[in-house]
Amino acid sequence: MTVIATIEQLEQIYGSFDKIGEATTAKVADWVTPSYRRLIEASPFAALATMGPEGLDCSPRGDLPGFVRVHDDRTLMMPDRRGNNRVDSLRNIVRDSRVALLFLIPGAGTTLRVNGHAHVSADPALLASFEVGGKAPRTVVVMRVEEIYFQCARAIVRSALWNPDSRVDPASLPTPGEILAGMSDNRVGGVDYDTAWPERARQTLW
């Protein structure tokens, strides 16, 4: 196996960063431009990357389109909706403020990448402003934007992510209940877990 261990080795393969096309660098901003605001407001899904003493973590975040609020042109706010209470991302942020977001928009090839620093807020007024169906999040992740840019559509096109013909039949995959049962020697999970999930999700979605 040939391991690439230096920037010089990378540049021998991909070329020097200072010689890439202008479109690759012109799209990068340190604030939320009007066009980037439109992408954020259209997105119902983002992957949140964080770092802590134990290593890296990447967590899916989904909500109504525009769930990540553009507070101003350098600040994003994302509610922490109900989940499994592992709070891996929040634990990381309070120890290491570096974060990244990757936004996806169903049907669109363009994705949006945002890098910066964040803190976790439990301000009552801020939490109330994110209420859905009378339910407020317990915390809000407040992110300072330091770098933001769109990613071209090649990954979406290659993966055929939004192509209905490429969808996988869920019945061909292991269910959460099956995974849990197999990993816990049947102490948790199983058919009962899967059967109860739809109603449990309905009651705890927000």
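**Close-up views of salt bridges and a cavity**

**View 1. A salt bridge joins the side chains of Asp30 and Arg74, with 3.6 Å from N to O.** This pair connects distant parts of the chain, 44 residues apart: Asp30 lies in the loop between α2 (22–26) and α3 (34–42), and Arg74 in the loop between β3 (69–72) and β4. A salt bridge here is a side-chain nitrogen of Lys or Arg within 4 Å of a carboxyl oxygen of Asp or Glu. Helices (H or I, at least four residues) and strands (E, at least two) are DSSP runs, numbered from the N terminus. The model is predicted: local features need pLDDT of at least 70, side-chain atom pairs count only at pLDDT 80 or more, and totals for chains, interfaces and linings use all residues. Residues are numbered from 1 along each chain as its sequence is written, and side-chain values use heavy atoms, with hydrogens and water left out. Asp30 has a relative accessibility of 38% and is therefore partly exposed; Arg74 is also partly exposed, at 30%. In these legends, buried means under 20% relative accessible area, exposed over 50%, and partly exposed in between (1.4 Å probe, protein chains only).

**View 2. Arg37 and Glu41 form a salt bridge, with 3.4 Å from N to O.** The two residues are 4 residues apart in helix α3, so about one helical turn separates them. Arg37 is partly exposed, with a relative accessible area of 31%, and Glu41 is partly exposed at 41%. Side chains of opposite charge can pair when their charged atoms come close.

**View 3. In the salt bridge between Glu199 and Arg202, the closest N and O atoms are 2.6 Å apart.** Both residues belong to helix α8 (residues 191–204), where a spacing of 3 residues places them about one helical turn apart. Glu199 is partly exposed at 38% relative accessibility, whereas Arg202, at 57%, is exposed. The whole structure contains 8 salt bridges.

**View 4. The largest cavity holds about 40 Å³ of space.** A cavity is a set of points on a 1 Å grid over the protein atoms alone where a 1.4 Å probe fits but cannot get out; lining residues have an atom within 4 Å of a point. Grid points are joined across faces, edges and corners, and a volume is the space filled by probe spheres set on the points. The count is 1 cavity of 30 Å³ or more. Among the residues lining the largest cavity are Leu48, Val68, Met77 and Val141. β4 contributes the most to this lining, with 3 residues.

Conventions: On a 1 Å grid over the protein atoms alone, a cavity is a set of points where a 1.4 Å probe fits but cannot get out, and a pocket is an open set with protein on both sides within 12 Å along at least five of seven lines; lining residues have an atom within 4 Å of a point.
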